[in-house]
Amino acid sequence: MKIKYTITGLDCPNCAAKLASQIESKDGIESAKINFLTEKLTVETTLSEADCRALVEKCAKAFEDGIEIE
Amino acid sequence: MSRFLKFLKKDTVKIAVSLALFALALLFEHLLLDITAFCIYIAAIAVAGWQVFLDAVRGILRRDLLDEKFLMSIASIGAVALGEWSEGAAVMIFFLIGETFEHRAVRKSRSSIRALMDICPDEATVLADGVEQTIDAEDVEEGSVIVIRPGERVPIDCTVLEGSADVDTSSMTGEPLPRSIGAGDELSSGYVVINGLIKARTLRPASESSASRVLRLVETATDNKSKEEAFITRFSRYYTPIVVIAALLMAIVPPIFSLMSINESVYTALTFLVISCPCALVISVPMAFFGGIGGAASRGILYKGGNVFSKLARVETVAFDKTGTITTGEFLISGARPVGVEKEELLKLVASAESVSNHPIARCLKRASAEIEKPDTAEEIAGLGVIAEFSDKTILVGNRALMHKYEISLDGIEEKEGAVYAAKDGELIGVVYISDSIKPEASSAISSLHSIGVRNTVILSGDKKDNVLRVAESVGIDTAYYELTPEDKYKKLQELITASESTMYVGDGINDAPSLARADIGVAMGSVGQDSAIEAADVVIMTDNLSKIYEAVRISRKTVHISWQNIIFALGAKGMILVLGLFGLANMWLAVFADVGVAVLAILNSMRALRYKEKKY
C-alpha cells in the first residue's frame, strides 16, 4: 500500500533524506521518500494505515523537534 | 511553564534575547567582570541553542555524528572550553539567525511555487434538476452539468453548453491574451472565466482533467533528479566526512610537531566543523530546479524532470514535424487559376458549393468569398469532393479523381499538390490552390533558436516535396526531408541523433510517440490531453505556440546556470574560509557565515530560476 503524508518542519533536504532512510529501515516499510520542497512523505508499506502512521510519527518525534505529520 | 517554553521556541524571541545577553556579556567582559560575563555568555548560548543541543543529543542517540546540529554544538562548547566565550556564543546565535533566514527563504520559495500551482479548484457547482449545488470537484461525475461564474476557475475539463465569455488561460498555457469562448468550445480545468456565466458538461472526472494532470506532472518532475542534483547528493556523502576527518587531523597533528599550540589547532579544527555542513548546496541546487520547473509550468511548459534540463540546455539540433507543428494544420487559399470566368466568380461558386460541408478543406474554401449562394442540394462524396445543385447550374468541387469521374477535361492543367478543381455544368471553370498555413510565429521562433546556438533546424515531413520546401524556406529551416513514411522519419531522426550532441524532436504527439521517445529531448506541443504523447515526451508544451520552445531552452539554461553558480559559489566560499582557517586567519564568525550565510545567498539566487525575463538573458 502506498500512503502519502504532508510533512512540515524539516530543516533541510539532508535531514529529510536521513529521516526517510530511518523510516525505511523499520520493519513493515518497503520504501520511504521525502520530497523536501513539496513537503510530501510517500511510504510504501505492508502495515495498516493506523500502524504506519504511528510508526512514522514515532520516527519523526525521535528525529527532531517540531516535525508535523498530516 | 509550557507557555514559556513555547515562547522560547520562537526563533525571533530566541534571537532577540540571546543577542541582548550577548551585548550585555561583551560589556561585562570589557569591564573585566569575567565571572559575570562568563555566566551571561552561557545564558546566551542556552537561550539560542537549547533546541540545537536537544537535537544533537537525538542525533547521537541514532548514531548520526555528522549531523549539522551536533557539529554546531561541538563547535560552540569547544570554543567556550578554549576560553573563547564570545565566539562560542556567537556560533550559536549566528547559526540561529542564519537558520531563521534559511527557513524564511525556503518557506517563501515554497509558497511562491505553490501560488503558481494553485490552479486546481477543490469545489464545483453542479446543476442537477434545476438546482445548483456546490460539491467536491472529485465527486462530480463525468457528463454532469456544471456552472462557472465570472472570476471562477474551471474545475473540470468540460464543453460549453450555454453562455459565452472571455477566459484567461494564462496559468495553463502561458498565453497572456484572454480567449473568447462560446457554446461547443472546450474548456480545460485551470482556466479562469473573466466575464459571463457558463454552463458546461464535464468531459472527464476532476482527477483526469488538465489541471490535475499538470500538477501531477510537476510533482513527479521534482522526483526525477537532474545531473547536478545527483552530483550534489554524491558529493555531500563524501564532503562532510572528509572535512570532519580533516578537522580531527587539524586538531591533533600540528601540536605533535609543535607547529601550533593545542589551543590554536583545536580552534581551527572547530572552524572546520562549522564549515563542514553541505546544506547550502543540498538545499539550493534542488531548489533551483524546483523553481525552474515551477516557473516554466506557469508559462505552459512542463518538464518531465530535472534530468531534462541539462540536455535541453545543450540542444544543438532541432527536428520538427510539419503539419500541426510548423503549420497550423488548417488550410488557407494560396492561389486561384480561373478558366473562362472571373476570379471572383470562381471563388464565389466554390465557396457556395462548399458552404454546406464541414470538411477541413471545405471550412477553408467557404471563407473564399463574402458572397455565398445557398445550393438547393449538395452531396459530399467521401474522398472526392462535393456536388452542389443550384436552380440554374450544377457545380462540382473536388480533386482530380472527381473531375475524371464526371469526365471533365483537365487539358493544359498541370497536376499540383493542394489543387482543388471546380466545374460548372460539365466545364472546368478553374483551380483553387490551398495549403497548410504556417504558424505566424514560426519564422521568428526558428530564428530565435538559431540565435541561441542551435546549429541545425530540420523538418521531417511525409508531405510532398514542393510543400515541404516552401514551408522550410519561408520559416528559415536549414534542412528539409520530405515524402517520408513514419518509419523513414524515425530513421532520419536516428541519424540526426547520432550526428549531434543533443537532439530535440518537436511534434504534436499524434502518431509520432516513438520519435518523441527516441530523441534526446522529445517535445510534445498542444497535446496535454494525449496520454501517449505525455508518456513519450520529455517536455510537454500546453499551447501550440512555437516560440515556447525557445523559452523552454532558455529556462533550462538559466536553471542549470544558477545551479552551477551555487555549486561554485558555495564550494568556493567554503574552501576559501577553510584555507583561511588553516592559516589561523578565519574565526568562528566567518565560519558560521560560510555555513548559513552562504546557504541563504544560494537559496535567494535559486529563486531567480522561478522567473523568466522576456528578453535579455
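At what angle do helix α16 (residues 442-451) and helix α21 (residues 547-582) of chain B pack, and how far apart are their axes?

A: This is a predicted model, and what follows should be read with that in mind. In chain B, helix α16 (residues 442-451) packs against helix α21 (residues 547-582) at an angle of about 25°, and the axes of the two helices are 8 Å apart. Since angles under 35 degrees count as roughly parallel, α16(B) and α21(B) are therefore roughly parallel to each other. On the side of α16(B), the residues that take part are S444(B), A445(B), S448(B) and L449(B), and they meet S547(B), I549(B) and Y550(B) from α21(B). Sorted by class, this contact of α16(B) with α21(B) is made of four nonpolar and three polar residues, with no charged residue in it.

Elsewhere in chain B, two loop residues deserve attention for their backbone angles. Most residues other than glycine have a negative phi. D425(B), although it is not a glycine, has a positive phi of about 45°; this residue belongs to the loop that lies between β16 (419-424) and β17 (427-438) of chain B. D425(B) has 10 other C-beta atoms within 10 Å, and because a residue with 12 or fewer counts as exposed, D425(B) is exposed. E483(B) is likewise not a glycine and has a positive phi, here of about 50°, and its place is the loop between β19 (479-481) and α18 (486-499) of chain B. With 12 C-beta neighbours inside 10 Å, E483(B) also counts as exposed.

K6(B) and F231(B) are separated by 225 residues in sequence and by 39 Å in space, taken from C-alpha to C-alpha.

Chain B also holds an open sheet of six strands, in the order β2-β1-β3-β9-β4-β7, whose pairing is antiparallel. The edge strands of this sheet are β2 (131-136) and β7 (186-187) of chain B, each of which pairs on one side only. Within the sheet, strand β1 (residues 123-128) of chain B pairs with β2(B) in the antiparallel sense over six bridges, and in this pairing T125(B) has T134(B) in β2(B) as its bridge partner.

Turning to the other chain, chain A has two helices and four strands, and from the N terminus on these elements follow one another as β-α-β-β-α-β. For 70 residues, a compact globule would have a radius of gyration near 11 Å, and the 11 Å of chain A agrees with this. Taken along the principal axes, the C-alpha atoms of chain A fill a box of roughly 30 × 20 × 20 Å. Of the 70 residues of chain A, 37% count as buried, and among the contacts in chain A between residues at least 6 apart in sequence, 51% join residues that are at least 24 apart.

The four strands of an open sheet in chain A stand in the order β2-β3-β1-β4, with antiparallel pairing. At its edges are β2 and β4 (68-69) of chain A, each with a single partner strand, so one side of each is left without a neighbour in the sheet. Helix α1(A) packs on this sheet, where it touches β2 and β3 of chain A, and the direction of the helix makes about 165° with that of β2(A). Strand β2 (residues 29-35) and strand β3 (residues 40-45) of chain A run antiparallel and are joined by six bridges; in this pairing S31(A) stands opposite E44(A), and N35(A) stands opposite K40(A). Together β2(A) and β3(A) form a hairpin with four residues between them, and in its turn E39(A) has a positive phi of about 55°.

Finally, the two chains meet where 12 residues of chain A are in contact with 17 residues of chain B. On the side of chain A that touches chain B, α1 (13-24) and α2 (49-63) of chain A each supply at least two residues, and α1(A) gives the largest share of that side, namely four residues. By class, the residues on this side of chain A divide into five nonpolar, four polar and three charged.

Conventions: Residues are numbered from 1 along each chain as its sequence is written. Chains are lettered from A and ligands numbered from 1 in the order in which they are written. This is a predicted model: local features need pLDDT of at least 70, side-chain atom pairs count only at pLDDT 80 or more; totals for chains, interfaces and linings use all residues. Two strands pair if DSSP finds at least two bridges between them. Two residues are in contact if their C-beta atoms, placed from the backbone, lie within 7 Å. Ala, Val, Leu, Ile, Met, Phe, Trp, Tyr, Cys and Pro count as nonpolar, Asp, Glu, Lys and Arg as charged, and the others, Gly among them, as polar. Axes are lines fitted to C-alpha atoms, for helices over the stretch in contact, and angles run from 0 to 180 degrees between N-to-C directions. Angles under 35 degrees count as roughly parallel, over 145 as roughly antiparallel, 65 to 115 as roughly perpendicular and the rest as oblique. The radius of gyration is taken over C-alpha atoms; the globule rule is 2.2 Å times the number of residues to the power 0.38. A residue is buried if 20 or more other C-beta atoms lie within 10 Å of its own, exposed if 12 or fewer, and partly exposed in between; C-beta atoms are placed from the backbone.
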